[in-house]
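Here are a few exercises to work through with the structure on screen. Grab a viewer and take them one step at a time.

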Amino acid sequence: MKISVIISAHQKGRELACVLAGYAAQTRGADEIIVAQDGTDASIRAAVQQAQQLGLPVQHLTQQHRGFGKYRALNRAILVARGELLLFTDGDCIPRNDYVASYLRLIRRGTFLAGGSHISIPEPYHLQHDLRAAVLDQSAFAHAFLRSIPGFRKSRTRLYRNRLMARLLDLCTPRNAFSGANACAFRSDVLEVGGFDESMGYGGGDLNLGLRLNNIGVQGVRARHSLVSLHLDHTRSYFCADMQRANHAWNRAVRQGGYTLPRQSQIRQLPDAPWLAGAPPFATIR
């Protein structure tokens, strides 16, 4: 079964270079890697070109940046992806070397898989240290290495490599929620629900896709201890409380109304919806 890794990116080419190093170290490589960039920042292109020279099957999609455009970029990638499985992640999330293989081993028809919350490396540290060598030799995923970083707080249980122990811990922490930084679904299911809702801003858009997958009978399975990646932490200047509240209101409507399609998507979307009249304002359609 072929798997396409779709990486959302905006700026931060240095971080993306670390992420792509993680995909170069996989025990089972991705069949294709699509960097879906919102904007045209040159540092992202440089990181992609360096990875291509190392033999990674990376293609690069760009678009004009017009506000928060992550979901528009991801939908463009979904349309060109060739894998039966789509693995979604971000340009600051570094995969452990068993990441792709674990997704392929654990995914089942009728489900999507999600890794859950971040294992974050504090921003002051990763801005001062080039982590690529530690990613390639996998020392970056050792608890002793991470514990030495000022501000690192995660338990070693999040980093177990023993499959049985990791799965037992997964079963103890169930949750049905799609995580855009660490999740995988069948492409046919994603296409059926129209992909991501491009009208949504930051905060809740990934969850929205999962809710619509639920509404066609695809259930989420969390495997937070089996699907390990490291997040290069950062500030979030794009956060908007009003936008997040509007996103949550739309997610409640999707959950309660059983909607399967997004309001705005280049893949497939709701027809004119009079039930939106008088509702709180949502994200401006990009």
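**Exercise 1.** Find how many cavities of 30 Å³ or more there are, and work out what lines the largest cavity.

*Solution.* Keep in mind that this is a predicted model.
- Step 1: with the cut-off at 30 Å³ or more, the count comes to one cavity.
- Step 2: the volume of the largest cavity is about 40 Å³.
- Step 3: The lining is made up of Gly115, Gly116, Ser117, His118, Ile119, Arg158, Asn182, Arg224, Leu227, Val228 and Ser229.
- Step 4: sort that lining by class, and you get three nonpolar, six polar and two charged residues.

**Exercise 2.** Trace the open sheet formed by seven strands, and say why one side of β3 and of β9 is left without a neighbour.

*Solution.* 
- Step 1: read off the strand order, which is β3-β2-β1-β4-β8-β6-β9, with mixed pairing.
- Step 2: go to the edges, where β3 (58–61) and β9 (219–222) each have a single partner strand, so one side of each has no neighbour in the sheet.
- Step 3: On average, neighbouring strands are turned by 20° against each other, direction ignored.

**Exercise 3.** Describe how β1 and β2 pair, then pick out helices that pack on the sheet.

*Solution.* 
- Step 1: β1 (residues 3–9) runs parallel to β2 (residues 32–37), and six bridges join the pair.
- Step 2: α2 (residues 42–53) lies across β1, β2 and β3, at about 160° to β3.
- Step 3: α3 (residues 70–80) also packs on the sheet, touching β1, β2, β3 and β4 (85–90), and its direction makes about 150° with that of β2.

Technical notes: Residues numbered from 1 in each chain as written. Predicted model: local features only at pLDDT ≥ 70, side-chain atom pairs only at ≥ 80, totals over all residues. Heavy atoms only, no water. 1 Å grid on protein atoms, 1.4 Å probe; cavity = no way out; pocket = protein on both sides within 12 Å on 5 of 7 lines; lining within 4 Å. Points joined across faces, edges and corners; volume = space filled by probe spheres on them. Nonpolar A, V, L, I, M, F, W, Y, C, P; charged D, E, K, R; others polar. Pairing = 2+ DSSP bridges. Helix = DSSP H or I, 4+ residues; strand = E, 2+ residues; numbered from the N terminus. Axes fitted to C-alpha atoms, helices over the stretch in contact; angles between N-to-C directions. Contact = heavy atoms within 4.5 Å.
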